[in-house]
Amino acid sequence: MNTAIVTSHRLWAYLQLLRPANIVTAWADILAGFAASQYIFTTQTIGWEMNLLPLAWLLLATTGLYGGGIVFNDVFDTELDTQERPERPIPSGRASLTGATLLGSWFLSIGVVAASQVSWLSAILALSIAIAALFYDAFGKHHPIFGPINMGICRGGNLLLGVSVVPAMVGEYWFLALIPIVYIAAITLLSRGEVHGAKLSTGIVALLLIAIVILGLLGLGLLKNYQISTALPFLIFFTIQVFIPFLKAVREPTPEQIRFAVKAGILSLIILDTSIVAGFAGWISGLLVLSLLPISMKLAQIFAVT
């Protein structure tokens with residue numbers, strides 16, 4: 001009985017390393033890219049007969065890539081977490097460093113292999129995301145400017161991974177990656193103050209980047225395949241959910257307020273992606289993606305997001 005309890009606690013620790021709530025937000029990236037690819041309109045089949053297997057492969061791919069990347073984040077942060085966040089699975093001894101390394105490697109490998117089932121371009125994008133994630137975990141996060149951009153590139157690549165279900169569309173909609181790049185850069189920049197607080201200037205820059213993201217989403221209305229009127233309600237919801245917490249973090253840059261803003265920012269990735277999906281594929285598709293939000297929020301109550 002004691003052995004079973006110990007095993008259960010250890011498995012729970014490794015599950016905590018994966019941060020499931022964050023993985024759900026990565027699914028939303030794939031769905032946003034999938035909507036932008038116009039796959040539904042270019043496929044030869046109709047209705048439920050449409051082949052959604054490529055989408056399933058890409059969802060599995062992003063699960064592996066994000067899960068593996070987030071595990072290696074803790075692997076490389078073991079020494080720092082021992083001092084600043086000793087409750088985390090590895091420094092607390094609930095998960096071993098070797099076990100975490102194997103878990104992260106396994107997930108990243110699954111991500112690349114799953115993407116290769118869709119297209120060669122999907123495989124290249126997945127491999128690039130894996131490399132960028134590892135580079136961020138090991139080196140990028142320590143750089144004040146390149147770090148946030150590096151993390152943003154991972155999420156921007158993830159959105160393009162969804163677009164790659166129709167490889168030709170990646171070249172046409174490559175600029176969509178700039179939206180999550182700027183958005184994640186803002187969150188990553190602000191997250192640097194989760195332990196000791198942040199400078200006022202850092203919060204202001206993060207807030208300005210959020211404003212740029214909102215303007216970028218509005219700018220998608222210039223595309224002929226994007227209906228801004230359909231996306232607008234979701235965009236307003238996104239603005240409220242993100243801008244208010246970030247504004248509070250700027251006014252009161254304490255670790256608590258910053259952690260709250262960062263958590264809101266990560267979960268709101270789903271709303272951001274929803275506004276993209278709604279514009280390209282209609283409000284019903286948007287609502288389907290938005291349904292991931294309560295799932296992610298529930299998981300965020302159980303597992304750490306940052």
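Helices here are DSSP runs of H or I with at least four residues, numbered from the N terminus. The model is a predicted one.

**Arg-19**
- Arg-19 sits in the loop that lies between helix 1 (2-18) and helix 2 (20-36).
- Arg-19 counts as buried because its relative accessible area is 5%, and buried means under 20%.

**Nonpolar surface patch**
- Phe-135, Phe-139, Ile-145, Phe-146, Ile-149 and Ile-153 make a nonpolar surface patch of about 580 Å².
- The most is given to this patch by helix 8 (residues 146-163), with three residues.
- Phe-135, one of the patch residues, belongs to helix 7 (residues 120-138).
- With a relative accessible area of 40%, Phe-135 is partly exposed, since that class lies between the limits of 20% and 50%.

**Helix 12 and helix 14**
- Helix 12 (residues 228-251) packs with helix 14 (residues 269-281) at an angle of about 170 degrees, and their axes are 8 Å apart.
- The two helices are therefore roughly antiparallel, as angles over 145 degrees are classed that way.
- On the helix 12 side, the contact is made by Thr-230, Ala-231, Phe-234, Leu-235, Phe-237, Phe-238 and Gln-241.
- On the helix 14 side, Ile-271, Leu-272, Thr-274, Ser-275, Ala-278 and Gly-279 take part.

Conventions
Residues numbered from 1 in each chain as written. Predicted model: local features only at pLDDT ≥ 70, side-chain atom pairs only at ≥ 80, totals over all residues. Heavy atoms only, no water. Patch = residues over 30% accessible without salt bridge, like charges linked within 9 Å, V, L, I, M, F, W, Y side chains within 5 Å. Areas by Shrake-Rupley, 256 points an atom, 1.4 Å probe, with all protein chains shown as cover. Salt bridge = Lys/Arg side-chain N within 4 Å of Asp/Glu carboxyl O. Buried < 20%, exposed > 50% of the residue type's maximum accessible area, 1.4 Å probe, protein only. Axes fitted to C-alpha atoms, helices over the stretch in contact; angles between N-to-C directions. Parallel < 35°, antiparallel > 145°, perpendicular 65-115°, else oblique. Contact = heavy atoms within 4.5 Å.
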